[in-house]
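Student: I would like to learn how to read a structure feature by feature, with the general idea placed before each case. Could we go through one together?

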Amino acid sequence: MASIFSDKSLQPNDQMLLEVLGKSKKYWDEIKQSLNDKYGELTEEWKFYGQKIGWTLKLLKKKRNLFFFTPYDKYFKISFVFGEKAVAVIEKSDLPENLISELVNARKYVEGRGLAIEVKTQKEVQIIQKLVAIKIDN
């Protein structure tokens, strides 16, 4: 599903995110703030991936891609790619079983396995924070 921002000539900004995400904008702000507090300044890089995907934000620590943030109407999705070491740690973690199963059963690419999480509640914020910590440590 494409980002709600599909106009290549109009890169999203904070005000546009607030209008589109509504109440879920606070979850995005919380994720960004907690990660910046814990890991130092992170780099945000908006990219337009074509009409089918639209605008997506890459969040990076130095040059390492942590995840992709894609805004939708009233929520957003965070997409990760995990290497095998991180997948093994996630398998043994206390993260929700369905999430672990989805990751373990995801198609394996050279870059790793993908996992996307829709963020609509506080519960997902905590999951994202755990996944970022695992990604950074592995």
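This is a predicted model: local features need pLDDT of at least 70, side-chain atom pairs count only at pLDDT 80 or more; totals for chains, interfaces and linings use all residues.

Student: Which residue forms a salt bridge with Lys25?

Tutor: The general idea is that side chains of opposite charge can pair when their charged atoms come close. Here the partner is Asp14, and the closest N and O atoms of the two residues are 3.2 Å apart. The pair links distant parts of the chain, with Asp14 in helix H1 (residues 14–21) and Lys25 in helix H2 (residues 25–39), 11 residues apart.

Student: Where is Glu124, and what is the nearest side chain of opposite charge?

Tutor: Glu124 is found in helix H5 (residues 122–137). Glu124 is buried but has no salt bridge, and the nearest side chain of opposite charge, that of Lys123, is 5.2 Å away. If neighbours within four places in sequence are left aside, Glu124 is in contact with Ile117, Glu118 and Val119.

Student: How many bridges join E1 to E2, and in which sense do the strands run?

Tutor: A general point to hold in mind is that in a regular strand the side chains alternate between the two faces of the sheet. In this model, E1 and E2 run antiparallel and are joined by six bridges, and in one of the pairings Phe48 has Trp55 in E2 as its bridge partner. The two strands form a hairpin with six residues between them, and Gly50 in the turn has a positive phi of about 105°. E2 also pairs with strand E3 (residues 64–71), again in the antiparallel sense, over five bridges, and Leu59 stands opposite Phe67 in E3. E2 is mostly covered, for six of its seven residues are buried.

Student: What is the phi of Lys62, and where is this residue?

Tutor: Lys62 has a phi near 55°, which is positive in a residue other than glycine, and its place is in the loop between E2 and E3. That hairpin has two residues between the strands, and Lys62 counts as exposed at 72% relative accessibility. Lys74, in the loop between E3 and E4, likewise has a positive phi, near 75°. The side chain of Lys74 meets that of Asp73 in a salt bridge of 3.8 Å, N to O, and Asp73 is partly exposed, with a relative accessible area of 49%.

Student: What is the volume of the largest pocket, and which residues line it?

Tutor: Rolling a probe the size of a water molecule over the atoms shows where empty space is left. The largest pocket has a volume of about 230 Å³, and its lining includes Tyr49, Thr56, Phe68, Phe80 and Leu115. E3, strand E4 (76–82) and strand E5 (113–119) each supply at least two residues of that lining.

Student: To finish, which residues does Val87 touch?

Tutor: Val87 is in helix H3 (residues 84–91) and is buried, at 3% relative accessibility. Not counting residues up to four places away in sequence, Val87 touches Phe82, Leu103 and Arg113. Val87 and Ile134 are 47 residues apart in sequence, and their C-alpha atoms are 8.9 Å apart in space.

How values were computed:
Residues are numbered from 1 along each chain as its sequence is written. Side-chain values use heavy atoms; hydrogens and water are left out. Helices (H or I, at least four residues) and strands (E, at least two) are DSSP runs, numbered from the N terminus. Buried means under 20% relative accessible area, exposed over 50%, partly exposed in between (1.4 Å probe, protein chains only). Lys and Arg count as positive and Asp and Glu as negative; His and the chain ends are not counted. A salt bridge is a side-chain nitrogen of Lys or Arg within 4 Å of a carboxyl oxygen of Asp or Glu. Contact means heavy atoms within 4.5 Å. Two strands pair if DSSP finds at least two bridges between them. On a 1 Å grid over the protein atoms alone, a cavity is a set of points where a 1.4 Å probe fits but cannot get out, and a pocket is an open set with protein on both sides within 12 Å along at least five of seven lines; lining residues have an atom within 4 Å of a point. Grid points are joined across faces, edges and corners, and a volume is the space filled by probe spheres set on the points.
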